[in-house]
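Grab a pencil and work through these exercises with the model open beside you. Each task is followed by a solution in steps.

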Amino acid sequence: NLPWYTSHLDYTFKNSMEVISDFVRTWTAEEDQHSNLLETYLLVTRNVNPTRLHELRRRVVESGWFPDFTNPLATMAYTSLQELATLVFYNNVAKIASPHDKDLATLLRRLAKDEALHYAFYRDTVKAHLELDPNFIVYFENVIINFSMPGAVMPDFNDRMKTIAADANYGPLQYFDQVLDVIVNYWDISNLQPTSEDAKQSQANIMKYHGRLKRIKDRQLEKNKR
Ligand SMILES: [Fe+2]
């Protein structure tokens, strides 16, 4: 669905600094390579029905992608989460795939390296803004609490996620430990000292959400042990 992600980023960062528009163009080229590589892999290894793949792609691109935020800072926070989630997802699937399909594992780990750089750029931009002014946290609340992957517009997305959680090492437990918790700690959200009432409320809401997901995760781990 790259055309829509690109159009969102292009719109959001219009008239931003040169470094941002350079980054968005490089990002687009790299994500385009990723999707081509994954599609080529599926086709040459005969792991996909080409007709179904092309129908699905058409449906997804036709449905577009319209997130409920257009503020540049909110977008930076969203892409931080999304890039880290993608990075973790590729590495976790590579780990499970490795004994069965070395080439797939190598391919996914190679893509994960690009994702690590995408993630670092967005993550550090957000961090720099929070250091300038912790009141910027108001722009992150909605994005963090309502995060869902851009691929969520895909048909049968929840069924696909269940399969991946059960068989491919990436589900809600990993999302908390390896994505949300990592970012909340990196941005040091619990120790920010915002001055505006709105920002204090956003900080409290994010930490409440983080705590709730942690309790759900702990309960799930207990259940798994039993
Ligand atoms: Fe990426």
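**Exercise 1.** With which residue does lysine 217 form a salt bridge, and how far apart are the closest N and O atoms?

*Solution.* Before starting, note that this is a predicted model, where local features need pLDDT of at least 70, side-chain atom pairs count only at pLDDT 80 or more, and totals for chains, interfaces and linings use all residues. Residues are numbered from 1 along each chain as its sequence is written, and side-chain values use heavy atoms, with hydrogens and water left out.

- Step 1: The partner is aspartate 177, with the closest N and O atoms 3.0 Å apart. A salt bridge here is a side-chain nitrogen of Lys or Arg within 4 Å of a carboxyl oxygen of Asp or Glu.
- Step 2: Now place the two. Lysine 217 sits in helix α9 (residues 197-225) and aspartate 177 in helix α8 (residues 172-186), so this pair links distant parts of the chain, 40 residues apart. Helices are DSSP runs (H or I, at least four residues), numbered from the N terminus.
- Step 3: Check the surface. Lysine 217 is buried at 12% relative accessible area, while aspartate 177 is partly exposed at 35%. The cut-offs are under 20% for buried, over 50% for exposed and in between for partly exposed (1.4 Å probe, protein chains only).
- Step 4: Look around the pair. Asp177, Lys214, Lys217 and Asp218 are linked in a network of salt bridges.

**Exercise 2.** Find the salt bridge between arginine 25 and aspartate 22, and work out how the two sit in their helix.

*Solution.* 

- Step 1: Their side chains meet at 2.9 Å, N to O.
- Step 2: Both belong to helix α2, and being 3 residues apart, they are separated by about one helical turn. An α-helix has 3.6 residues a turn, so residues three or four places apart point the same way.
- Step 3: Arginine 25 is exposed, at 55% relative accessible area, and aspartate 22 is partly exposed, at 31%.
- Step 4: The structure holds 11 salt bridges.

**Exercise 3.** Which protein donors does the iron ion have?

*Solution.* 

- Step 1: They are Glu31 (OE), Glu83 (OE), Glu115 (OE) and His118 (ND1), at 1.8 to 2.2 Å. Donors are N, O and S atoms within 2.8 Å of the metal (3.2 Å for Na, K and Ca); water is not among the atoms, so sites may look incomplete.
- Step 2: Along the chain, the spacing of the donors reads E-x51-E-x31-E-x2-H.
- Step 3: Glutamate 31 is in helix α2 (residues 18-44) and glutamate 115 in helix α5 (residues 102-132), so the pair ties together parts 84 residues apart in sequence. Both of these glutamates are buried.

**Exercise 4.** Locate threonine 12 and describe its surroundings.

*Solution.* 

- Step 1: Threonine 12 is in helix α1 (residues 2-12) and counts as buried, at 8% relative accessibility.
- Step 2: A polar atom of its side chain lies 2.6 Å from the backbone oxygen of histidine 8.
- Step 3: Skip neighbours within four places in sequence, and threonine 12 is in contact (heavy atoms within 4.5 Å) with Thr70, Asn71, Pro72 and Thr75.

Definitions and conventions: A polar contact is a pair of N or O atoms within 3.5 Å; within protein, one must be able to donate a hydrogen and the other to accept it, and residues adjacent in sequence count only if both atoms are side-chain atoms.
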